[in-house]
Amino acid sequence: RFGVRWFRLLAMVVLLLVTLGVPGADNQATASLSSLSSNGNLASPYVPGVLLLRRRSGVATGDILQFETRASFARAVGRSGVEKWQVPAGSELSMAARLRDAGLTDIAEPDYIEHTTAFPNDPLYSQQYALPLINAPSAWTTTMGSPSVIVAVIDTGFDFTHPDKPINLIAGPTHTSTAAQDGCAPEGVNGPEDDYGHGTHVGGIIAAATNNGVGVAGLASGVRLLVIKAGDCTGNLADSDVAQSIDDATMAGAQVISMSFGGTDPSDVISLAIQDAWNAGVILVAAAGNAGTTEQFYPAAIPNVLGIAATDGSDNVASFSNRGSYVALAAPGVSILSTVPENTPINRDGLIYYTYLSGTSMSTPFVAATAALILSVRCGLTNAQVISTLEQTAVPLGSTIPNQSTGYGRIDAGAAVQRV
């Protein structure tokens, strides 16, 4: 075809298993995680200005007051000898260390805050088995994603009118060189609007609005989702458009790039763009492929890209999921419920906003979103450190780790966030 290499989107094994309609009214319910600060993290891991301590035998209250003149006794805590003291906010950790080092206390620590497990009020959450499976509620007690983190999705765009669209949605550029030959709208006419449906499903897995009383929950709903359209209305992408999109995402400051597409022919052009992105500190995540073979699949098999396999609700490897040394991790990819536009090839039933799809296309955004949650907690981590965290906290599947079916295992978002 005119010398252009084509990448067919991983429209899954695409199992259009079930479709669900939800009214378009966007009821903005109050988020249940009222302790979240504006950056998506818990406002404080402990009560400001409070220290809990237990004096060693023979140490009087006056000894503490003489050693730490800024501290004041508040009250006893139960019958264990633990006392609550008032201290200057911001001094909790350093003062606790000094008291311990001086031998005045055998317990000295901040008044840490515990949290109830977070369950969103999105009505279709109960049908999203993947989120509790990967311990999303545990991760959400720490963060639901920070807007300081940008996740770029290179795909077929996003439905910007969807009632469950991400709260921090960014319309990026459009590069669809294939559009004219595939009978699609000319490149750039509709911006990054999704005329195929795949990109909206992928983007919803990452960042669909959560705790809004509508539809589904995204894994990292607080992050910024940068939509770059490189796939046309048939799900095709050209190498040149993919490479340009990777460069655009990197230049826009994306820390994570999610790529739910691929093909069996390697591309030096895409490899160069990926290397530049990696050198800039970007985490690149790509689908391992849906042919159920060991044939190399690109860009997942390109160095410095995490290749993602698909598993089901019982942590079995999906029959369609590719295998190979390039598979780094696995994530749920069978019967995944997410957002879709109306009247697109993915959603042929018309006025319906959600559907179940299967494929490594669906597994990939779970890993991208988990990487974003890690960065929301520790923004200074390098791409290599984030990947190491993902691998070290994954649930191993198989007797040999890593292996060619699931790499280091199925991701655990809760364990990953707690690790950092």
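Reader: How many aromatic pairs does a search of the whole structure find?

Author: The model is predicted. Across the whole structure, the number of aromatic pairs found is three.

Reader: What kind of aromatic pair do Phe73 and Trp85 form?

Author: The ring centres of Phe73 and Trp85 are 5.7 Å apart, and the planes stand at 85°. Planes over 60 degrees apart count as edge-to-face. The pair of Phe73 and Trp85 is therefore edge-to-face.

Reader: Which strands hold Phe73 and Trp85, and how many residues apart are they?

Author: Phe73 belongs to strand β4 (residues 72–77) and Trp85 to strand β5. The pair thus links distant parts of the chain, with a separation of 12 residues.

Reader: Is Trp85 buried or exposed?

Author: Phe73 has 40% relative accessibility and counts as partly exposed. Trp85 has 0%. Buried means under 20%, so Trp85 counts as buried.

Reader: Why is the pair of Tyr125 and Trp140 called tilted?

Author: The ring centres of Tyr125 and Trp140 lie 6.2 Å apart.

Reader: Which parts does the pair of Tyr125 and Trp140 tie together?

Author: Tyr125, at 11% relative accessibility, counts as buried, and Trp140, at 0%, counts as buried too. The two are 15 residues apart in sequence. The parts tied together are the loop between β6 and α3 (130–133), with Tyr125, and helix α4 (residues 136–140), with Trp140.

Reader: Which strands stand at the edges of the open sheet of seven strands?

Author: The sheet has parallel pairing and the order β8-β9-β7-β11-β13-β14-β15. Its neighbouring strands are turned by 25° against each other on average, direction ignored. An edge strand has a single partner, so one of its sides is left without a neighbour in the sheet; these strands are β8 (169–174) and β15 (327–332).

Reader: At what angle do helices α8 and α9 cross?

Author: The crossing of α8 and α9 is right-handed. Residues in the contact include Ile374 of α8 and Leu390 of α9. The contact residues divide into six nonpolar, two polar and no charged. The axes of α8 (residues 360–377) and α9 (residues 383–393) come within 10 Å and cross at roughly 115°.

Technical notes:
Residues numbered from 1 in each chain as written. Predicted model: local features only at pLDDT ≥ 70, side-chain atom pairs only at ≥ 80, totals over all residues. Heavy atoms only, no water. Pairing = 2+ DSSP bridges. Helix = DSSP H or I, 4+ residues; strand = E, 2+ residues; numbered from the N terminus. Axes fitted to C-alpha atoms, helices over the stretch in contact; angles between N-to-C directions. Left-handed = near helix turned anticlockwise from the far one by under 90°. Contact = heavy atoms within 4.5 Å. Nonpolar A, V, L, I, M, F, W, Y, C, P; charged D, E, K, R; others polar. Phe/Tyr/Trp six-rings, centres within 6.5 Å; stacked < 30°, edge-to-face > 60°. Buried < 20%, exposed > 50% of the residue type's maximum accessible area, 1.4 Å probe, protein only.
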